[in-house]
Amino acid sequence: MAEHHVIMPEEDDTSSDEVDTHANKVPEHHVIMPDEDDSSSDEFDARANKMSTTDNCKRNLQPEFAAAACIRNTATLDHVMEVFSPPRLVPAAIQRGLRGHWSLDLDTGWNLLCSTDQDRCCQLVESCRPGMLMLSPPCTMFSPLQRMWNIPKMDPAVFQSRMAAANKLLHFTVTLMKLQSKLGGGFCFEHPVAASSWQDPLVVHAVATIPDCQVVNFDQCTIGLRSPAGGILKKRTKLCTNMPAIQAVFLDKQCRCTVPHTRIQGSGLGFNIAAHAQVYPSGFVQALLNSCEKYLEGKRFWQ
Ligand SMILES: [Zn+2]
């Protein structure tokens, strides 16, 4: 099926605020853009059902966990760990010769709605002391398009339950940001620019108070995000991080496309484009790892 190409009015919603610094941490005004993430409710249903069936936390812990909990030797500290993500940053890091073991996600047996798994996740971060902790919590319930199209049709009880789950995961992300900061490591939390999560009071407070915490916006078209049929997807994205190297790497990744973007809606070649766009393109992964290497340079702790 051919994708529907639409010439969007320039959807750049951040004229001069590409980097918000400590001096300018007022949450920016978010415009509802049609080009933003519009994850399918079907996919959300599938993940929600999976969570409900694993909510008892009865799963097999990965066998490395016991060993990792004993790790205190700096020569074996992880460089990279990722949460709310199937293995994508960690395998690419290993290919570069960096160390990493953990990708904590439903797909790898972690239900982070469950407080037991949250506790174990925190223990793992404290044990492995990753140099960089990548945080990619689900963004569907914070999507403007989701709020505009799907939520009005949703049963109020279902909405409440999904929103509560999304907020719980978002707030656990803040917990991990603070923990990682306290441990002296870097973190990177990623959500779409237009997501309402950026106005969440706990997120706003964390951005304002965690040392060196800043945000940077960029466009995923600059790092190779394409639709299944090859259309250019913009997907304006915000990173919240205490790693200055991420600012340096992503600051100039702003859309300069001269051809129209494909809307992140509907389907292309039988794939849901929004779901497809949630997978990090390899250019994003490599840019994150470039940032990680730069950040860890000179930090003997992680050599
Ligand atoms: Zn572009």
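The mean pLDDT of the predicted model is 78, and 71% of the residues reach 70 or more. Where pLDDT is low, the predicted coordinates should not be read in detail.

The protein comprises 10 helices and 9 strands. Of its 303 residues, 41% are buried. Among contacts between residues at least 6 apart in sequence, 78% join residues at least 24 apart.

The largest nonpolar core has 66 residues, of which Leu 133, Leu 135 and Cys 188 touch the most other members. Beyond four places in sequence, the contacts of Cys 188 are with Met 132, Met 134, Leu 135, Leu 239, Thr 241, Met 243, Ile 246 and Leu 288. Gly 186 belongs to strand 5, which spans residues 186-192. With neighbours within four places in sequence left aside, Gly 186 is in contact with Gly 131, Met 132, Thr 241, Asn 242, Met 243 and Tyr 295. Gly 186 is buried because 25 other C-beta atoms lie within 10 Å, the cut-off for burial being 20 or more. The C-alpha atoms of Gly 186 and Cys 213 are 9.7 Å apart in space, and the two residues are 27 apart in sequence.

Helix 6 (residues 156-183) packs against two other helices, as described below. Two packed helices are described by the angle between their axes and the distance between the axes. The axes of helix 6 and helix 7 (residues 201-209) come within 9 Å and cross at roughly 15 degrees. The two helices are therefore roughly parallel, angles under 35 degrees being counted as such. Their crossing is left-handed. On the side of helix 6 the contact is made by Leu 170, His 171, Val 174, Met 177 and Lys 178, and on the side of helix 7 by Leu 202, Val 203 and Ala 206.

The axes of helix 4 (residues 115-128) and helix 6 come within 10 Å, with a crossing angle of roughly 20 degrees. Helix 4 is therefore also roughly parallel to helix 6. In this case the crossing is right-handed. Gln 118, Cys 122, Val 125 and Glu 126 of helix 4 meet Phe 172, Leu 176, Leu 179, Gln 180 and Leu 183 of helix 6.

Leu 176, a residue of helix 6, is buried, with 24 other C-beta atoms within 10 Å. Beyond four places in sequence, Leu 176 touches Val 83, Val 125, Leu 133, Leu 135 and Phe 187. Of these, Val 125 lies on the helix 4 side of the helix 4 and helix 6 contact, while Leu 133 and Leu 135 are among the core residues that touch the most other members. Leu 176 and Leu 135 are 41 residues apart in sequence, with a C-alpha to C-alpha separation of 8.4 Å.

Trp 110 is located in the loop between strand 3 (100-104) and helix 4. Trp 110 is buried, with 24 other C-beta atoms within 10 Å. With residues up to four places away in sequence not counted, Trp 110 touches Leu 104, Asp 105, Asp 117 and Cys 121. Trp 110 and Val 83 are 27 residues apart in sequence and 9.3 Å apart in space, C-alpha to C-alpha. Val 83 is also one of the residues that Leu 176 touches.

Positive phi values occur at two residues that are not glycine, Phe 84 and Lys 235. Phe 84 has a phi of about 65 degrees and is placed in the loop between strand 2 (80-83) and helix 3 (89-95). Phe 84 is buried, with 22 other C-beta atoms within 10 Å. Lys 235 has a phi of about 40 degrees and is placed in the loop between strand 6 (214-219) and strand 7 (236-241). Lys 235 likewise counts as buried, because 23 C-beta neighbours lie inside 10 Å.

Technical notes: Residues numbered from 1 in each chain as written. Predicted model: local features only at pLDDT ≥ 70, side-chain atom pairs only at ≥ 80, totals over all residues. Helix = DSSP H or I, 4+ residues; strand = E, 2+ residues; numbered from the N terminus. Buried ≥ 20, exposed ≤ 12 C-beta atoms within 10 Å, placed from the backbone. Contact = placed C-beta atoms within 7 Å. pLDDT = per-residue confidence, 0-100. Core = buried A, V, L, I, M, F, W, Y, C linked by C-beta atoms within 7 Å. Axes fitted to C-alpha atoms, helices over the stretch in contact; angles between N-to-C directions. Parallel < 35°, antiparallel > 145°, perpendicular 65-115°, else oblique. Left-handed = near helix turned anticlockwise from the far one by under 90°.
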